[in-house]
Amino acid sequence: MIGKFLDWLKNLGDGDEGSELACSVCGEAPAAGAFSSRFGPVSFAACGACRNEGAESLFMICGCIHRAGGPKTAKERFAGARSFHEGAYIGLEKILALYPEFADEFEDV
Ligand SMILES: [Zn+2]
């Protein structure tokens, strides 16, 4: 069933160049598949390298941190968080340093 779901995801594009599923962590294509986040009820596309690294989308992790109460309470729950920024894999410390860039997006209007 999972395999069928991944095939369906792959076939979402119509085969034109650039329509293949891209990794939502580092932006490379094609993604190896869709995976569940360790931090929230969301799925994301990831390439093999990001999957091996255990990295998740920076925007998504920041969203989960926001929902969990913000950076001050993130240290334990998100201790193992990995993401990708400007060509390199980053850990929680760097993620929290970048968090303010996204925080506005999560505020309820
Ligand atoms: Zn990737």
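I located Glu 86 in the loop between β3 (83–85) and β4 (88–90); helices (H or I, at least four residues) and strands (E, at least two) are DSSP runs, numbered from the N terminus. This is a predicted model, in which local features need pLDDT of at least 70, side-chain atom pairs count only at pLDDT 80 or more, and totals for chains, interfaces and linings use all residues. Residues are numbered from 1 along each chain as its sequence is written.

I noted a positive phi of about 50° at Glu 86, which is not a glycine.

I then found a cis peptide bond between Ala 29 and Pro 30, with omega about 0°. Pro 30 sits in the loop between α1 (2–10) and β1 (33–36). Most peptide bonds are trans, and most residues other than glycine have a negative phi.

I examined helix α3 (residues 58–67) and helix α5 (residues 92–106), whose axes come within 9 Å and cross at roughly 75°. Axes are lines fitted to C-alpha atoms, for helices over the stretch in contact, and angles run from 0 to 180 degrees between N-to-C directions. α3 and α5 are therefore roughly perpendicular (65 to 115 degrees).

Finally, I recorded five helices and four strands in the chain, in the order α-β-β-α-α-α-β-β-α along the sequence. Buried residues make up 25% of its 109 residues.

Note on methods: Parallel < 35°, antiparallel > 145°, perpendicular 65-115°, else oblique. Buried ≥ 20, exposed ≤ 12 C-beta atoms within 10 Å, placed from the backbone.
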